[in-house]
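These are my notebook entries on a predicted model.

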Amino acid sequence: MNVLFPATADAVLEALRAHPDARLMAGGTDLLVRRRAGAVAPGVLVCLERVADLNGVEVLGDAIRIGAATTLTAILENGAIRERLPLLRDAAGAFASPPVRNMATLGGNLCTASPAADTLPPLCVLGAEAEILSSSGTRRMPVADFVTGPGRTALEPGELLGSVTVPVPGGGTIQHFEKVGRRKAMAIAVVSLAALLRVEGGVIAEARLAWGSVGPTVVRCPEAEALLAGRAPTLETFRAAGESVRRAVRPIDDVRASAGYRRRVAANLLLRLAEKAGPAALG
Ligand SMILES: Cc1cc2nc3c(=O)[nH]c(=O)nc-3n(C[C@H](O)[C@H](O)[C@H](O)COP(=O)(O)OP(=O)(O)OC[C@H]3O[C@@H](n4cnc5c(N)ncnc54)[C@H](O)[C@@H]3O)c2cc1C
């Protein structure tokens, strides 16, 4: 196998042009597992670990840009993300274990497009935008549209995910992430919830909710969001929203949990959000 280590994004695109069947590798925590299992057998591997322009976190006024090859550890330890995007920070903290976080990247997590990918629900509720690079230019799209199904993305041959830009929510916003797995570390989500609530004058002005692992990709529930908007963040309000969530999610039975269990947990995670939102709304 031919392994290439380009140093710039342009050189990565050049390598993809020269070797149309090449596979990109970032941290390798997904790709190398699949290679060992015989699911993929790339003749040429283009590694992203030395590409400086795909790596790092940059504050751009009211947004934060995260290079696709930035590791989960770098996200977890970044001060701006900790302060302004605690939702993403908590998702990074719940991800696998320190050794895996040291290798795994944000771009790799999005490009594997797993229904259980921990960073996807947070990026969807935050309204993050994906930057896609190719030799013919750059295009952008919401991260919510970037993942098109289990294991599928909007990337065309010869394209590369360059970065993700996340708008920083304004003041008065409650950010919440919770992941339920079969154990506390090294566990793929059985269900996860990312939530963004804007609270004004003790009332929920806007709710954005996204669940992981309960559908082919991230599941939003506009009915629950509408039920929460305009109401005080009480337990009763969240319980009513939970009923619509039970109906909206489309989980499957698998080795980790039954569909019925996932449905119940998806609704119950809203009650935990209520525990956080109620006191926060009272100031
Ligand atoms: C033990 C273990 C525990 C895990 N735990 C979790 C967990 O808790 N939560 C979770 O969400 N995932 C988990 N995973 C899955 C995996 O680690 C993540 O999806 C990880 O983020 C993948 O990132 P990577 O950089 O290692 O990707 P890689 O393995 O390098 O690449 C994955 C895929 O993305 C493509 N790719 C990578 N970067 C780009 C790019 N910039 N542009 C275009 N394509 C690209 C590659 O070609 C490949 O197809 C776990 C995996 C293992 C082995």
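I located Ala113 in the loop between H7 and H8. I then read its backbone torsion: Ala113 has a positive phi of about 55°, although it is not a glycine. Most residues other than glycine have a negative phi, so I noted the entry for follow-up. Is Ala113 buried or exposed? I found 20 C-beta neighbours inside 10 Å of Ala113, and therefore I list Ala113 as buried.

I placed Ser213 in the loop that runs between strand E13 (203-212) and strand E14 (219-220). Ser213 counts as buried because it has 31 C-beta neighbours inside 10 Å.

**Ligand shell**

I next listed what surrounds the ligand. Of the 31 residues around the ligand, those that come nearest are Ala26, Gly27, Gly108, Asn109 and Cys111. By residue class, I recorded 20 nonpolar, eight polar and three charged residues in the shell around the ligand.

**Helix H11**

I checked the span of helix H11 (residues 235-248): its 14 residues reach 20 Å from the first C-alpha to the last, close to the 20 Å expected at 1.5 Å a residue. I noted Thr237, Phe238, Ala241, Gly242, Val245 and Ala248 as buried in H11. These residues lie on the same side of H11, because they cover an arc of only 135° around the axis. On the face of H11 turned away from its buried side, I found the exposed residues Glu236 and Arg247.

I took the domain assignment of the protein chain, which gives domain 1 (50-167) and domain 2 (173-281). I recorded 22 Å between the centres of domain 1 and domain 2, taken over C-alpha atoms. The contact takes 21 residues from domain 1 and 23 residues from domain 2. On the side of domain 1 that touches domain 2, I found two or more residues from each of helix H5 (86-93), helix H8 (120-126) and strand E8 (147-149). H8 gives the largest share of that side, six residues. I divided the residues of this side of domain 1 into 17 nonpolar, two polar and two charged.

Conventions. Residues numbered from 1 in each chain as written. Predicted model: local features only at pLDDT ≥ 70, side-chain atom pairs only at ≥ 80, totals over all residues. Domains from an automatic or database assignment. Contact = placed C-beta atoms within 7 Å. Helix = DSSP H or I, 4+ residues; strand = E, 2+ residues; numbered from the N terminus. Nonpolar A, V, L, I, M, F, W, Y, C, P; charged D, E, K, R; others polar. Expected span 1.5 Å × (residues − 1). Buried ≥ 20, exposed ≤ 12 C-beta atoms within 10 Å, placed from the backbone. Arc of directions from axis to C-beta. Near = placed C-beta within 6 Å.
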